[in-house]
Amino acid sequence: MPGRRLTRADRQQIAAGLAQHLSYADIARRLNRPASTVSREVARNGGPARYRAELAQLATTHRAQRRPQSPARVQRTIEHLGPDPDATAAFVTDLTTALVETGLPRTAARVMACLFASETGSRTATEMAQHLQVSAATISHAVRLLERQDLIRRCRDGRGRRHRYFLDDKAGLRTVAASVAANQRFAATALRGAELFGAETAAGSRLALAGRFLERLGDDLIRSAEKHWRDLVSDRGDAYTLTSHTE
């Protein structure tokens with residue numbers, strides 16, 4: 001039905017149609033959908049050259065995150081980062097280094113580590129600036145980057161007009177998705193380079209091999225991430241499911 005939301009099977013058909021170089025209108029007819037639905041889906045998930053059904057499915061799940069609990073209802077306590085402040089500070093430093101090695105800029109990694117170690121999983125920009133001893137402008141730049149990668153969320157602080165930034169249990173999953181998306185972009189670029197240089201050249205062969213490897217690896221990582229996430233939320237009895245069919 002045209003009104004229903006896109007499912008995993010729909011996205012797989014879209015990917016198959018793009019691989020066959022079909023137009024959006026032709027793909028839409030296969031799905032019994034408006035062509036605009038297909039074009040929006042492809043545009044928001046990397047464009048025709050980079051669209052991957054599994055990655056698009058995971059990305060839409062992130063966009064459908066349940067709204068965070070209202071800050072007014074968050075317990076207002078002075079946060080203790082652990083029984084031993086020195087040990088906690090050392091851990092936050094180690095976590096920051098690990099996040100930097102995944103590709104995050106250092107300040108963004110420090111913000112992530114700060115939120116991970118927070119008892120409520122949230123802080124205002126002012127709190128983070130004070131905790132990290134950096135300027136408000138530095139925090140603003142870092143949180144914009146993290147929001148674009150769906151690694152943090154924000155809503156109004158119940159006590160005023162300030163924004164409060166949230167990190168929840170699904171941040172680790174979103175980190176995997178962001179990493180896979182970056183690899184897929186590299187893979188798509190490498191494959192375009194292989195076509196440009198030609199498969200018979202050394203450069204073309206090298207680019208094709210790297211592109212195909214990263215493309216397949218990304219698909220495997222997404223499938224594995226989905227499986228392990230389903231297992232974990234099932235063990236916890238969490239109502240949230242990774243494969244919810246939301247557009």
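Is Thr189 buried, partly exposed or exposed? Thr189 is partly exposed, at a relative accessible area of 44%; here buried means under 20%, exposed over 50% and partly exposed in between, with a 1.4 Å probe and protein chains only. The model is predicted, so local features need pLDDT of at least 70 and side-chain atom pairs count only at pLDDT 80 or more, while totals for chains, interfaces and linings use all residues. Residues are numbered from 1 along each chain as its sequence is written, and side-chain values use heavy atoms, with hydrogens and water left out.

**Confidence**
- The chain has an average pLDDT (the predictor's confidence in each residue, from 0 to 100) of 77, and 78% of the residues score at least 70.
- Among the elements of the chain, the highest mean pLDDT, 92, belongs to helix 1 (residues 8-19), and the lowest, 74, to helix 4 (residues 53-63); helices (H or I, at least four residues) and strands (E, at least two) are DSSP runs numbered from the N terminus.
- Over residues 66-83 pLDDT stays under 50, and the model has 37 contacts beyond four places in sequence for them, a contact being heavy atoms within 4.5 Å.
- Residues 238-247 also stay under 50 in pLDDT, with 37 contacts beyond four places in sequence.

**Thr189**
- Thr189 is part of helix 9 (residues 171-197).

**Helix 7 with helix 8**
- Helix 7 (residues 125-132) and helix 8 (residues 136-148) have axes that come within 9 Å and cross at roughly 115 degrees; axes are lines fitted to C-alpha atoms, for helices over the stretch in contact, and angles run from 0 to 180 degrees between N-to-C directions.
- That angle makes helix 7 roughly perpendicular to helix 8 (under 35 degrees is roughly parallel, over 145 roughly antiparallel, 65 to 115 roughly perpendicular and the rest oblique).
- Ala125, Met128, Ala129 and Leu132 of helix 7 meet Ala136, Ile139 and Val143 of helix 8.
- By class, this contact of helix 7 with helix 8 has seven nonpolar, no polar and no charged residues; Ala, Val, Leu, Ile, Met, Phe, Trp, Tyr, Cys and Pro count as nonpolar, Asp, Glu, Lys and Arg as charged, and the others, Gly among them, as polar.

**Helix 6 with helix 7**
- Helix 6 (residues 106-116) packs with helix 7 at about 105 degrees, their axes 11 Å apart.
- Helix 6 is therefore roughly perpendicular to helix 7.
- Arg110, Val111, Cys114 and Leu115 of helix 6 make the contact with Met128, His131 and Leu132 of helix 7.
- The residues of this contact of helix 6 with helix 7 comprise five nonpolar, one polar and one charged.
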